[in-house]
Amino acid sequence: MKRTILLLSLLLTTAAAAAQPRIRVEHGPYLLNVTDEGFTVVWSSTADAAGWVELAPDDGSHFYAAERPKFRDSHLGRQRIGRMHSVRVSGLKPGTTYRYRIMQRGVVLNEGNKRVILDEGFGSDILKHKPYTVTTLDPAQEKVDFWVVNDIHSRDSVFRLLIRSAPKEKPDFVCLNGDLATQIETPETLWDACLASASEILTPAGIPLAAVRGNHENRGVCSGCWSDFFPSPTGETYYTFRRGPVFFLVLDGCEDKPDSDIRYYGLGDWDAYRQREAAWLKEVVRSEEFRTAPVRIVLIHMIPGGEASWYGEQQIRRLFVPELVGKGIDLMLCGHYHRYQWIDDGSRGVDFPILVNSNNDCLRVSADPKGIDLKVIDTSGAVIERHRIDKK
């Protein structure tokens with residue numbers, strides 16, 4: 001009797017596995033947090049899966065020529081199961097190009113500690129896609145070129161126009177400076193807004209993203225999934241990174257209205273978050289890495305408050321600006337207003353220029369120890385504004 005039950009159970013499990021469609025890569029991948037020793041890869045699958053990344057040197061050998069190291073989507077020592085996958089690849093050589101491919105095994109049956117059955121697996125190579133490439137940072141890099149787009153609000157067609165020439169012109173990274181969508185209601189929102197296009201256009205060229213949370217990313221049923229899409233070195237929406245001679249400060253101004261506003265349904269807690277961020281910022285600007293950087297640029301979606309500004313902008317000016325003034329900041333890049341502005345008159349309480357990029361243009365920045373060049377490019381590819389900041 002026991003053998004019959006066991007056999008029946010095995011047959012049912014096999015039938016379930018056979019009936020289960022192979023779980024595919026649904027969206028992605030895209031690159032984040034590229035450093036001199038590693039990078040992060042993010043993608044999604046059509047259903048729950050366990051994911052990993054396989055790595056090979058860019059030496060002309062076939063990917064199948066040897067057993068390649070595997071870097072798993074794991075947390076606290078256990079491989080994670082889900083539809084969103086984020087893998088950190090580390091321990092690499094600086095200034096070196098690597099090949100990688102994304103892999104996953106779909107979950108056929110998950111009975112927790114009793115039994116988990118995974119399918120035969122699926123990877124980007126099965127799609128006949130050649131391995132992707134990425135180049136780790138060279139600490140001796142003397143110049144950085146990057147692009148900034150913001151306030152896309154799910155206008156993917158505009159986004160594609162703004163970044164379409166990136167594979168040819170090869171910026172070091174593309175910054176998404178907030179408000180990619182108007183609200184995040186489902187896990188598909190950010191993919192549809194621009195990330196699917198970013199993966200299609202930028203990833204094959206090895207161009208990574210840098211993300212800044214806007215005020216609209218705080219809204220919607222799935223607003224809490226931001227960190228699933230954009231894991232950061234600090235685990236927060238504020239962080240720093242270095243690229244060539246530039247030290248980048250990524251700040252989060254949070255929402256634009258008071259926490260108590262009726263539109264937040266009593267769930268707002270951004271005042272406390274900005275307070276913690278300000279304390280962190282105070283320590284960052286004291287650090288040796290910040291103080292010795294040849295160039296310092298701030299990336300933040302909302303601008304510091306001026307006359308008649310909204311609450312969120314006032315809090316940025318009250319909490320963040322005192323930590324930035326007098327610290328040698330060369331430039332702040334913002335969005336939020338949906339129109340271009342160049343502010344260098346100190347009216348926002350700062351001692352550095354602020355460029356507010358519009359929602360229809362791509363800002364292209366080139367920086368080295370001698371200065372910063374900025375060009376605002378419209379969807380036709382025409383240069384409509386230029387600025388030059390000379391380092392003293």
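Helices (H or I, at least four residues) and strands (E, at least two) are DSSP runs, numbered from the N terminus. The model described here is predicted, so that local features need pLDDT of at least 70 and side-chain atom pairs count only at pLDDT 80 or more, while totals for chains, interfaces and linings use all residues. Residues are numbered from 1 along each chain as its sequence is written, and side-chain values use heavy atoms, with hydrogens and water left out.

UniProt, whose annotations may be inferred rather than shown by experiment, places the feature "domain: Purple acid phosphatase N-terminal" (unreviewed entry) at residues 35-106. Over residues 35-106 the chain is 0% helix and 61% strand. Arg68 is found in the loop between strand E2 (39-57) and strand E3 (70-72). Arg68 is buried yet has no salt bridge, where buried means under 20% relative accessible area (1.4 Å probe, protein chains only) and a salt bridge is a side-chain nitrogen of Lys or Arg within 4 Å of a carboxyl oxygen of Asp or Glu. The side chain of Arg68 does, however, reach the backbone oxygen of His62 at 2.8 Å.

Leu251 lies in the loop between strand E15 (246-250) and helix H6 (270-284), and Leu251 counts as buried because its relative accessibility is 0%. The C-alpha atoms of Leu251 and His75, which are 176 residues apart along the chain, are separated by 26 Å.

Technical notes: Buried < 20%, exposed > 50% of the residue type's maximum accessible area, 1.4 Å probe, protein only. Lys, Arg positive; Asp, Glu negative; His and termini not counted. Polar contact = N/O pair within 3.5 Å; in protein donor to acceptor, adjacent residues only side chain to side chain.
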